[in-house]
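Here is a short note for your review. Please read it with the sequence and structure open.

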Amino acid sequence: MARTSETYVCQSCGNVTAKWAGRCDACGEWNTIELEIAEAPPPGALSSGAKAKGKAVAFASLAGDTAPEPRILSGNAEFDRACGGGLVTGSALLIGGDPGVGKSTLLLQVAAGLANAGHSVAYISGEEAAAQIRLRAQRLGVTKAPVNLAAATSLRDILATLKSEKPDAVIIDSIQTLWSDALPAAPGTVTQVRACAQELVRFAKSTNTAVMLVGHVTKDGQIAGPRVVEHMVDAVLYFEAETGRDVRILRAVKNRFGAAHEIGVFEMTAGGLAEVANPSSLFLAENEASISGAAVFAGIEGTRPVLVEIQALVSPSSLAAPRRAVVGWDSARLSMLLAVLDARTGLDFGRHDVFLNVAGGLRISEPAADLAAAAALTSSLLDAPLPQRCVVFGEVALSGAIRPVNQSGARLKEAKKLGFSGALVPAGAEDDALTIREAETLADLVGFIRAEATGAS
Ligand code: TYD
Ligand code: MG
C-alpha cells in the first residue's frame, strides 16, 4: 500500500522541511511554508524494485553528424532574437515577468505571427476567458490569425487536447494556474507547478512541440515559487519594464540553444508591443547640446551592440557621509570606481554627492562600462562636457589602468553607423572612420577632459 507523506514546502524557493516554521531557513521568506501531502512510493521501488529490473542504456560518442536544431520563426524579430534565432521545436521555454508587464500581449502577438507563418498554434489561458483574449486580439489587430484558443486549467484535459490536435507550438498562460488531479496539493503550490511543468516539458520533447510557459515573478525578481521550473526548461526569458516607461526588454537569462544575455527590445503602444529594431535610439538622450556629466557608452547586449547614455551628477555635499545613488548599474562597482578615481587621479569625490543613471531604463552589467561611467563622473565634477558625438568604453583596473574589452570592432562599427565621429577607448582599438583617442590610465582620461574644457573655452 502506498504511504502518504506530509512535508512542508516553502512556496518561494521549494525547500522541503519536516516541520512547519514561520520563516524559511533556505530563502529567509516569511509565511511561505505550507503543508503538502504526497503519496510516497513503496520503500525501495525507485532503485531495486522486485520485478522491474533496469535496462542497459546505450552510450554514444561525442563525434557524429547532428543536424542543427530545427527552429520555427514567429516573424517577430525581437522575440526570435531573444530566443536565439527562433523557437526550437521540442523545447520548453519559460517567460517570466511581473504581472501587467505585457507577457500575455507579447505571446498573443507571437502566436499570431506563428499562425500567420503557417504553423499550428494553441494558446491556452488559465487566467482569462476566451472572450477577453479575443478582445485583446482585436486591439492588437490579429483577429485574422488562425490561432487555436482555449481557456483551461486542468493538465489532464490540456494534454489530452494537445495530443489529439498536435500543434507545432503551444503557449500556456500561466504555469501557476495549472493543476493536476493526480496531486492533492492546491493549484499554484510548488508541488503542482513542478509536476505540471515536468509533464509539459516531457510532452514537448516527446512530440517535438515548442512549448512556451508563462510564469509570474515575485517582487524580488524570482519566478514565484517554482525556481525549480527554471532548471527544467531549455530557455528562460524575463520580460522587464522600467517603472513609468513604455520600454520593455525581453532578456534571455538561460538558453541551451543560443546566447544567454541576448535581449529583445519593445515599446508598449496602444496597439500592442512594437518591435524596436534600433534600441540605441531609445537609450540615447535627445538633446544635442553638450552638457557636462553625460557619456555615451558603446555596449554589447547579448550579441548586439547598443549605445546608451550614462548620466552623472556630482554636487558638493553637506552630509558627513555623502549620498551615492545609482540606477541601472551596480552600486558596488560605482563605489570601486570612485575610490580608484580618488586614489589614482587626485580628484576629490569624497565630499560630493554622486548620482549615476543609465538612460532609458537599461541595466548594464558589463565591466566595459567602467570608462564611460568614469568619464561621466569626471565630466560632471569638472563641469566640462565630453566632446560631442563620441563613444566611450573600457574596463578600469584598481591600478587605474584601462583594460581592453571584447568586441571593440563591433562597438565602433555601431557608433559609426549611428553617426558618431569619435571614440575614447583603451589602447589597441582601431578604426579608420572614427577619431580614436586612446586612454591607458584614468589619469589620461582626466587630462583629456581637462584639455577638452580649456580648448573649448
Ligand atoms: P498583459 O499582457 O495582460 O500583461 P501580463 O500578461 O504580463 O500580466 O498586459 C497588460 C498591460 O498592457 C495593461 O496594463 C495594458 C497594456 N496594454 C497596452 O498598453 N496596449 C495593448 O495593446 C495591450 C493589449 C495592453
Ligand atoms: Mg497575463
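1. Axes are lines fitted to C-alpha atoms, for helices over the stretch in contact, and angles between their N-to-C directions run from 0 to 180 degrees. Keep in mind that this model is predicted.

2. Start with the helix pair. Helix H4 spans residues 155–165 and helix H5 residues 190–207. They pack at an angle of about 5°, and their axes lie 11 Å apart. H4 is therefore roughly parallel to H5, since angles under 35 degrees count as such.

3. Next, the residues at that contact. H4 brings Leu155, Leu159, Leu162 and Lys163. H5 meets them with Cys196, Glu199, Leu200 and Phe203. By class, the contact of H4 with H5 has 6 nonpolar and 2 charged residues, and no polar ones.

4. Now ligand 1. There are 16 residues around it, of which Gly100, Lys103, Ser104, Thr105 and Gly272 come nearest. Helix H2 (103–116), helix H3 (130–140) and strand E13 (263–269) each supply at least two residues of the shell. By class, the shell has 5 nonpolar, 7 polar and 4 charged residues.

5. With Arg136, the side chain supplies the N or O atom, 3.0 Å from an oxygen atom of ligand 1.

6. Last, cover. On its own, ligand 1 has 560 Å² of accessible area, and the protein covers 75% of that.

Conventions:
Residues are numbered from 1 along each chain as its sequence is written. Chains are lettered from A and ligands numbered from 1 in the order in which they are written. This is a predicted model: local features need pLDDT of at least 70, side-chain atom pairs count only at pLDDT 80 or more; totals for chains, interfaces and linings use all residues. Side-chain values use heavy atoms; hydrogens and water are left out. Helices (H or I, at least four residues) and strands (E, at least two) are DSSP runs, numbered from the N terminus. Angles under 35 degrees count as roughly parallel, over 145 as roughly antiparallel, 65 to 115 as roughly perpendicular and the rest as oblique. Contact means heavy atoms within 4.5 Å. Ala, Val, Leu, Ile, Met, Phe, Trp, Tyr, Cys and Pro count as nonpolar, Asp, Glu, Lys and Arg as charged, and the others, Gly among them, as polar. A residue is near a molecule or strand if one of its heavy atoms lies within 4 Å of it. A polar contact is a pair of N or O atoms within 3.5 Å; within protein, one must be able to donate a hydrogen and the other to accept it, and residues adjacent in sequence count only if both atoms are side-chain atoms. Accessible areas come from the Shrake-Rupley method with a 1.4 Å probe; for residues, only the protein chains shown count as cover.
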